[in-house]
Amino acid sequence: MRSLLTSSYLTLALAALVLLTGCRETRSEREPIQPQQNMYYDESFGPQEANSFFENRMADRAPVAGAVARGHLKEDSRFYTGRDEEGNLIERIPIPVTRELLERGQDRYNIYCAVCHGQAGDGQGIIMTGDYGYTPAPTYHSSRLRDEVGDGYLYDVVANGVRSMPGYAQQISVSDRWAIVGYMRALQRSQFTEEDDLPASAIREIEQGRSANIQGGRIGEE
Ligand code: HEC
């Protein structure tokens, strides 16, 4: 009796084993049964689709207010906008003015600005002298642009344009805009210089009547 019981248990266990292993490697076209669904089925939405889950019924979620994309944190308002924290245009270039910066400014100026404003900043660029019917570009050598406007204003003109002049924010990077501002200031001094600003050698040349040698807008040469 006992052995009979044992053998019937054994038969049952064997049958279970065969049944279980029989499931492996057997493919079925039907969807598997998932009693615990968790996040197996996730509804997805295309751009601008409606989604009744949200109050405004838009599937698109706007970024949290004040979110900043990677690499776009522009904390230094003076550098990026030419304005201080109160939004006023700043007086002075917010980065060190080096010879390198001015030479970069000269390079960019001659590419982007000289066609209209002229290489000497006198408003006599090729587009202006060529009678193409453009709005005249002003000279930089007016007392207003020389003394009354700050560097932040000039930066703003390069970035955003002014009246009929377009802005150059797309073409010229922030640091290059400042380089151009520095070079505009250099051009202004090249045409309007106090005697004290000149190196002794230049004064000597003028006194000897060889002033031709110091023309042409060279920067800071002894
Ligand atoms: C396509 C010609 C053109 C180019 C290129 C150009 N400008 Fe101008 N710019 C003008 C004109 C025209 C005005 C006058 C706008 C007006 O008063 O309506 C002007 C005005 C200005 C002024 C005087 C603003 C004022 O308050 O009077 C400055 C400074 C200036 N430009 C700087 C630049 C710089 C720097 C560049 C190069 C990045 C540049 N411009 C490129 C045509 C040009």
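**Figure 1. Overall layout of the predicted model.** Helices, at least four residues long, and strands, at least two, are DSSP runs that are numbered from the N terminus. In this predicted model, the protein has 9 helices and 0 strands, and its pattern along the sequence reads α-α-α-α-α-α-α-α-α. The protein has 222 residues, of which 26% count as buried. Buried here means a relative accessible area under 20%, exposed means over 50%, and partly exposed covers what lies in between.

**Figure 2. A salt bridge between R104 and D176.** The structure holds 7 salt bridges, and this view shows one of them, in which the side chains of D176 and R104 meet at 2.6 Å, N to O. The two partners come from distant parts of the chain, since D176 belongs to helix α8 and R104 to helix α3 (residues 99-112), and they are 72 residues apart. D176 is buried, because its relative accessible area is 11%, whereas R104 counts as partly exposed because its relative accessibility is 35%. Side chains of opposite charge can pair when their charged atoms come close.

**Figure 3. A salt bridge between R78 and E85.** The side chains of E85 and R78 meet in a salt bridge, with a distance of 3.7 Å from N to O. E85 counts as exposed because its relative accessibility is 60%, while R78, at 33% relative accessibility, counts as partly exposed.

Figure 4. The side chains of R189 and D197 meet in a salt bridge at 3.0 Å, N to O. Both R189, at 47% relative accessibility, and D197, at 37%, count as partly exposed. Elsewhere, salt bridges that share partners join R92, D151 and R185 into one network.

**Figure 5. A negative surface patch that includes E195.** The residues E194, E195, D196 and E207 form a negative surface patch. One of these residues, E195, lies in the loop between α8 (174-191) and α9 (200-207). With a relative accessible area of 56%, E195 is above the 50% cut-off and is therefore exposed.

**Figure 6. The cysteines C113 and C116.** Is C113 buried or exposed? C113 counts as buried, because its relative accessibility is 14%, and C116 also counts as buried, because its relative accessibility is 19% and the cut-off lies at 20%. A disulfide is a covalent bond between the sulfur atoms of two cysteines. When a disulfide is taken to be a pair of cysteine sulfur atoms within 2.5 Å, the count for this model comes to 0 disulfides.

Figure 7. I172 lies in the loop between α7 (151-160) and α8, and I172 counts as buried because its relative accessibility is 2%. Although I172 and R108 are 64 residues apart in sequence, their C-alpha atoms are 8.2 Å apart in space. The second residue in this view, Q119, is placed in the loop between α4 (114-117) and α5 (126-129). Q119 is exposed, because its relative accessible area is 55%. The C-alpha atoms of Q119 and L187 are separated by 8.8 Å, while the two residues are 68 residues apart along the chain.

**Figure 8. Positive phi values at Q48 and R57.** Most residues other than glycine have a negative phi. Q48, which is a residue other than glycine, has a positive phi near 65 degrees, and R57, which is not a glycine either, has a positive phi of about 60 degrees. Q48 lies in the loop between α1 (2-23) and α2 (77-81), and R57 is likewise found in the loop between α1 and α2. Which word describes the accessibility of each residue, exposed or partly exposed? Q48 is exposed because its relative accessible area is 74%, whereas R57, with a relative accessible area of 49%, is partly exposed.

Key
Residues numbered from 1 in each chain as written. Predicted model: local features only at pLDDT ≥ 70, side-chain atom pairs only at ≥ 80, totals over all residues. Heavy atoms only, no water. Patch = residues over 30% accessible without salt bridge, like charges linked within 9 Å, V, L, I, M, F, W, Y side chains within 5 Å. Areas by Shrake-Rupley, 256 points an atom, 1.4 Å probe, with all protein chains shown as cover. Salt bridge = Lys/Arg side-chain N within 4 Å of Asp/Glu carboxyl O. Lys, Arg positive; Asp, Glu negative; His and termini not counted. Charge placed at Lys NZ, Arg CZ, Asp CG, Glu CD. Buried < 20%, exposed > 50% of the residue type's maximum accessible area, 1.4 Å probe, protein only.
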